[in-house]
Amino acid sequence: MIDANRLRTFTEQIFVAIGCSEADARLSADVLISADLRGVDSHGVARLPGYIRLYDHGRLNPQPRIRVVHETPSTAVVDGDRGLGLVVGPAAMQIAIEKARVAGTGWVAVRNSNHFGIAGYHALLATEHDMIGQAMTHAAPLVAPTFSLEKMLGTNPIAVAVPALTEPPFLADFASTAVAYGKLEILQRKGQPAPIGWAQAADGGPTTDSNAVKNGGALLPLGSDREHGSHKGYGLGAIVDIFSGVLSGANYGPWVPPFATAGFMQADEGVGIGTGHFFGAMRIDAFRPADDFKAHMDTWIQRFRSAKAVEGQRVLVPGDPERAMEAERLVTGIPVLEPVIKSLDELGERFGVRL
């Protein structure tokens, strides 16, 4: 167990060591540590070595010039200049928020970026302004569409954050796959098998091998197979890919460049520029008075939480488990697996930073 502030300081220092400004390093560390605090260990400090590998291979610009390359009063396309998605994402969401102030809604497509951490972090930024936030990103092809033997899509998450009056924001943040690839990485580090339905083997058959994706297999869409609705997960992933890639001018589908931790994959870039994201902000008072809406969100949240549940369980609202985990880990610290500790120690030794 490692104290969150200790991990945050270490992460900031590593980003500064590769040339990031102190402000960008602080923001990037905040995005990663927020994932760990909320229990999304697959997208926290375990990802730090991956960003450094991107830097080592010339795919990450630590001092990007993030700029708008096309816009209308309510939309924009942002070029991230190969910057950290952890920095490009919040910058693009801020543009969406500013456009929503003027036009009621703001929509921003991003190209030439990199992995942006947890989608929910970016979506929540809008709730601070009485707005509904939306964030999505595509990723390297790890996922086989229904009936496919080829990996064509990424885990392609979607996040929607909605403010309430006295209740914490509603936050739905989920991959369009049965599970995020980072969950398989955790099982690989532990030497454990994967549940049936997470991945398929190279021949398309079911498997419990947590290394299946590395061995020619693929992640499965949400639903796992056709009988359980995998075509719906495939559809969600396709929507994210089109909004993030085709609309922005980034690469898309099987051409999305791999994140460093998926270095076993070779993406053939060339249909666009880098990795893409898509953000939205909707001003609540463009639809109805904000406090009126938020009071009704309180009612919505409270009624769902009070729904009659099966014995021994209770109905949760999206965002509840993560908030409970954050409250716990702020006190107890963040559990970090030994292989992750080892990789962080190696970074610390390289850059002269003590964990």
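Colleague: What counts as a helix in this model, and which one holds lysine 99?
Modeller: Helices are DSSP runs of H or I with at least four residues, numbered from the N terminus. The model is a predicted one. Under that numbering, the helix spanning residues 85–103 contains lysine 99 and is α4.

Colleague: Is lysine 99 buried or exposed?
Modeller: The cut-off for buried is under 20% relative accessible area. Lysine 99 has a relative accessibility of 9%, so it counts as buried.

Colleague: Which residues is lysine 99 in contact with, leaving aside its neighbours within four places in sequence?
Modeller: Contact here requires heavy atoms within 4.5 Å. With the sequence neighbours set aside, the partners of lysine 99 are Glu71, Thr72, Pro73, Ser74, Thr75, Ala76, Gly104, Thr105 and Gly106.

Colleague: How many residues of strand β4 are buried?
Modeller: From β4, Met131, Gly133, Ala135 and Thr137 point one way, while Ile132, Gln134 and Met136 point the other way. Both sets are buried. For the strand, residues 131–137, the count of buried residues is 7 of 7.

Colleague: Which residue stands opposite glutamine 134 in β9?
Modeller: β4 pairs with β9 (residues 275–283) in the antiparallel sense, over 7 bridges. In β9, the residue facing glutamine 134 is glycine 280.

Colleague: What area is buried between domain 1 and domain 2?
Modeller: Domain 1 covers 1–63 + 320–354, and domain 2 covers 64–178 + 220–318. Their centres, taken over C-alpha atoms, are separated by 21 Å, and 27 residues of domain 1 are in contact with 27 residues of domain 2. Carbon and sulfur atoms give 59% of the buried area, which is about 2,500 Å².

Colleague: How many salt bridges does the rule find across the interface of domain 1 and domain 2, and what is the N to O distance between aspartate 320 and arginine 305?
Modeller: The rule finds 1 salt bridge across this interface. A salt bridge needs a nitrogen to oxygen distance within 4 Å. The side chains of aspartate 320 and arginine 305 meet in a salt bridge, with an N to O distance of 2.8 Å.

Colleague: Which element gives the most to the side of domain 1 that touches domain 2?
Modeller: Across the interface there are 10 residue pairs in polar contact, both residues at pLDDT 80 or more. On the domain 1 side, the elements that give two or more residues are α2 (22–37), α3 (48–56) and α9 (320–332). With 8 residues, the element that gives the most is α2.

Key:
Residues numbered from 1 in each chain as written. Predicted model: local features only at pLDDT ≥ 70, side-chain atom pairs only at ≥ 80, totals over all residues. Heavy atoms only, no water. Buried < 20%, exposed > 50% of the residue type's maximum accessible area, 1.4 Å probe, protein only. Pairing = 2+ DSSP bridges. Domains from an automatic or database assignment. Buried area = accessible area lost by both parts, 1.4 Å probe. Polar contact = N/O pair within 3.5 Å; in protein donor to acceptor, adjacent residues only side chain to side chain.
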